[in-house]
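Hi,

Here is the structure I promised to pass on.

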Amino acid sequence: MFEIKDLKASIEEKDILNGLSLTIKPGEIHAIMGPNGSGKSTLAKVISGHPDFEDPEGDIKLDGKDILDLEPDERANEGVFLAFQYPVDIPGVNNSEFLRMAYNAKQKYQNQPEIDPFDFESLIKEKLTVLNMKEAFLSRPVNHGFSGGEKKRNEILQMLMLDPRVVILDETDSGLDIDSLKQVSDAINHFKSENKMILIITHYQRLLNHIVPDTVHIMADGKITKSGDKSLALTLEDQGYDAFKDNQS
Amino acid sequence: MLSKTTNPKTMELETLQKQARDAFNTLGFPTKRHENWLYWTPDNEQKALERKFYEPSDSIKENDVILIKNGSLRSKPNNNNLTVSNDTHDYQNENLSFNLDSSSLSYLNTSECSEVITIRCRGIINEPLQIRLESDHTKDNSTVNTKVNLIVEEHSSITATFYHQQLGGAFNLTNTSFELVCKDNANVNISHVFKDNKSKAFFHSIIHMHEKSNCNHISYVTNSLLTRHDTNVTFYKEEASLNLKGINLLTGEEQFYNHLTINHKSKNCFCKQHFKTILDDKSISEFSGLVYVAKGSHEVDSQQMNQILLFSDSARALSRPQLKIDADDVQCAHGSTIGQLNPEEIHYIKSRGLTESEAKALLTYGFAEEIIEEIQDSHLKEALAQDIKETVRKIKS
């Protein structure tokens, strides 16, 4: 289970998250929607351990273990994965090498042996097929010179390879054309299983047509103001955020 | 000062040396009054510069590599497409400049060198060539003056790596002059490696680019006490192309001064200059680059970039990229960046399970990789990549 309890975070003395609480059970998909500036991406950053937010208050627990004091790499190796809204370029490091390093870092953290290079090659080719990506993608530097859509697909490739317990998708649908959106959605649905927990941060209902959430949350002023089933996203798209301003979940 | 009408082609070495000595006596040692010598002057090395260290070649052996030790030729390979000699007449048919319009340290090199070593490539040499310039002047306050020329004849091709290795203490100096002639349609890949040097090193490189010649020139400086490079490039004829690149890794109190002048005297030539320097601890680097496009040299494409990555608040970097353009219809650009690793990039890598030090090492290698990729000698490329990875791993921040 992934639990966030009374999470507070600020930057330059400005409060962004104001006591946010959220629980995702294994096998569940949750979606967070909210207006610009409501704190959605800050939530993603705080979960990943971004250094801009040094002393957030509250709890973030994965299977009962508090991860809020862990370094970002430790959180990742515990099974938390953030698909970035703006993935970073790493010139000079090819995709395949980077993924192998990340994969082996997790193996090492879990006291497992490093993956055999041939096994790794087979594994990564299998994952490329899920995303309908070409092998040439692997020899290119990480995200360097990638289109917006390629970067987002590369994030999903990393997710498939690292096989985390908890996934936060921060506006993964932005910058994707219709076909890419379907490919990415299919890959996430392929990844979904009874022990995975997925949190989708999005502005648009369209992604939720492909990945059906169990719960939809509306976020405003740094906390969850309303939660409901998938129909909430449709209502939100129809009525806008103003209709929910005074509601509390 | 030497007369501008001096023609080195017709001079014997002794005549040339006398003129260089006169020029040096007129100019004296560079001081801080000279704009190009603001940050390091050889004041403390004056005694060393005047006391030359030289061991004459008793015999020249055949070997896989060209070995030049303490300024004299010791071994050379047996290759039909290559001649290597210390015969003073071997260079006399070439229009070499012999640093005759240069700094006083270069005059001193001409004046004090005991041999002029000329490597001449005729034809295609497929295997990368190793040239080792070693100096082991163990007496304090002495200088090794080495003078090497590489002449690549028309339609010839060579890949060569110069390893500059200096033993001896901080009060010694190596003063090396290198002149490269890329004749019409020559194809040249040159690397200069300055590594593990305990002495101070002054290296003057003069590059002549003739019609349709192509040259990739890469320098690498690491673990070297103090290194100064003065590079002068002249494009004489059309369609010549030069990639001039460098990667430098400085830690402790190491210093590197990189001075560059590109003279475009012909139209329609290409020159890319790209230098990357990584500074840690109290290290210092200076870059001064000037691209000059002469009147009538149209359609020149010359791009200059100097990039510094700082790992320490105590490290210092000075960067002066400059352009002087007297022609129309050219593409020229110059730029410089000085900064630290991007925290967003570090976080991204950490979010994939790698530690902070692994993330920094990866990003630093990524910074250097663009230059490493250009190295044609695969053995050197692999060794350098490994070397940089090792050094980066040791860098703390």
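In chain B, 28 residues of domain 1 are in contact with 22 residues of domain 2 (contact means heavy atoms within 4.5 Å). This is a predicted model, in which local features need pLDDT of at least 70, side-chain atom pairs count only at pLDDT 80 or more, and totals for chains, interfaces and linings use all residues. Residues are numbered from 1 along each chain as its sequence is written, chains are lettered from A and ligands numbered from 1 in the order in which they are written, and side-chain values use heavy atoms, with hydrogens and water left out.

The domains are 8-341 and 342-397, with bounds from an automatic or database domain assignment. Their C-alpha centres lie 27 Å apart. Together they bury about 2,300 Å², 70% of it from carbon and sulfur atoms; this is the accessible area (1.4 Å probe) that two parts lose on being put together, summed over both. On the domain 1 side, B:Lys276, B:Phe311 and B:Leu341 lose the most area, together 27% of what that side buries.

Three salt bridges cross this interface (a side-chain nitrogen of Lys or Arg within 4 Å of a carboxyl oxygen of Asp or Glu). Elsewhere in my notes is the salt bridge of B:Lys195 with B:Asp387, at 3.4 Å, N to O.

In chain A, A:Leu43 touches A:Ile4, A:Leu7, A:Leu17, A:Leu20, A:Ile32, A:Leu199 and A:Met219, leaving aside residues up to four places away in sequence.

Best wishes
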